[in-house]
Amino acid sequence: MSQYQLAAADQYGLERLRLLCEANLCDDVVINTVATTLALAEQHRCSHLKFVCLKFVAMPENLRVVMQTNGFEYLKENCPFVLTELLQYVARISEHSTIGSSHGNEAFLDGSDLNSRHVKHLR
């Protein structure tokens, strides 16, 4: 339901509703819908939702399964530039997957851990 509300809110310039829908969708990212949600985020300029989806798909345990969904096929056909961003995100994570691993915390380039919490880097 939030997908349709997001599209309508974007179409009619209802920014507060658009942000509410984006937040709801961020809380409901799952294997079966993440690819279409990623396409929706791109289409409606939802940068936070797009980031959450990219991060979710890039997790090794999710990537292969997501690639087998119909949504991923839709993404390939209709949003090839988003796939390029996904590949770049996966490459960055694999190159710099851990920062400060001596502390036992994985941190990503955006400064967050696997649970999207901000991580303070100790030097």
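Is lysine 50 buried or exposed? At 12% relative accessibility, lysine 50 counts as buried. Keep in mind that this is a predicted model, so the values here are all computed from it.

## Overall fold

Let's start with the layout. The protein has seven helices and zero strands, and reading along the sequence simply gives α-α-α-α-α-α-α. Of its 123 residues, 37% count as buried.

Now for contacts and surface. Among contacts between residues at least 6 apart in sequence, 48% join residues at least 24 apart. The accessible surface comes to about 8000 Å², and carbon and sulfur atoms account for 53% of that.

In soluble globular proteins, nonpolar side chains tend to be buried together. Here the largest nonpolar core has 28 residues, and the members touching the most other members are Val34, Leu49, Phe72 and Leu75. The elements giving two or more residues to this core are α2, α3 (34-43), α4 (47-58), α6 (70-78) and α7 (80-95). Helix α4 puts in the largest share, with seven residues.

Phe72 is a handy one to click on. Leaving out residues up to four places away in sequence, Phe72 touches Ala35, Val66, Met67, Leu83 and Leu86.

## Salt bridges

Back to lysine 50. The count for the model comes to five salt bridges, and lysine 50 has a part in this one: its side chain meets that of glutamate 42, with N to O at 2.4 Å. Glutamate 42 counts as partly exposed, at 24% relative accessibility. Lysine 50 also forms a salt bridge with glutamate 85, where the closest N and O atoms are 2.8 Å apart.

Lysine 76 is partly exposed, with a relative accessible area of 39%, and so is glutamate 73, at 33%. As for shared partners, salt bridges join Glu42, Lys50 and Glu85 into one network.

How many disulfides turn up in a search of the whole structure? The answer is zero. For cysteine 21, the closest cysteine sulfur belongs to cysteine 46, and at 8.7 Å that is too far for a bond. Cysteine 21 is buried, with a relative accessible area of 1%. Cysteine 79 counts as buried as well, at 8% relative accessibility.

Cysteine 21 also shows up among the contacts of serine 2. Serine 2 is found in helix α1 and is buried, with a relative accessible area of 17%. Apart from residues up to four places away in sequence, serine 2 touches Cys21, Asn24 and Leu25.

## A nonpolar patch on the surface

Finally, the outside. Tyr12, Leu14, Leu17 and Leu20 make a nonpolar surface patch of about 410 Å². Tyrosine 12 is found in the loop between α1 (2-11) and α2 (15-26). With 61% relative accessibility, tyrosine 12 counts as exposed, because the cut-off for that class is over 50%.

Terms used
Residues are numbered from 1 along each chain as its sequence is written. This is a predicted model: local features need pLDDT of at least 70, side-chain atom pairs count only at pLDDT 80 or more; totals for chains, interfaces and linings use all residues. Side-chain values use heavy atoms; hydrogens and water are left out. Patches are made of residues with over 30% relative accessible area and no salt bridge: like charges are joined within 9 Å, nonpolar side chains (Val, Leu, Ile, Met, Phe, Trp, Tyr) within 5 Å. Accessible areas come from the Shrake-Rupley method with a 1.4 Å probe; for residues, only the protein chains shown count as cover. A salt bridge is a side-chain nitrogen of Lys or Arg within 4 Å of a carboxyl oxygen of Asp or Glu. Helices (H or I, at least four residues) and strands (E, at least two) are DSSP runs, numbered from the N terminus. Buried means under 20% relative accessible area, exposed over 50%, partly exposed in between (1.4 Å probe, protein chains only). A nonpolar core is a set of buried Ala, Val, Leu, Ile, Met, Phe, Trp, Tyr and Cys residues joined through side-chain atoms within 4.5 Å. Contact means heavy atoms within 4.5 Å. A disulfide is a pair of cysteine sulfur atoms within 2.5 Å.
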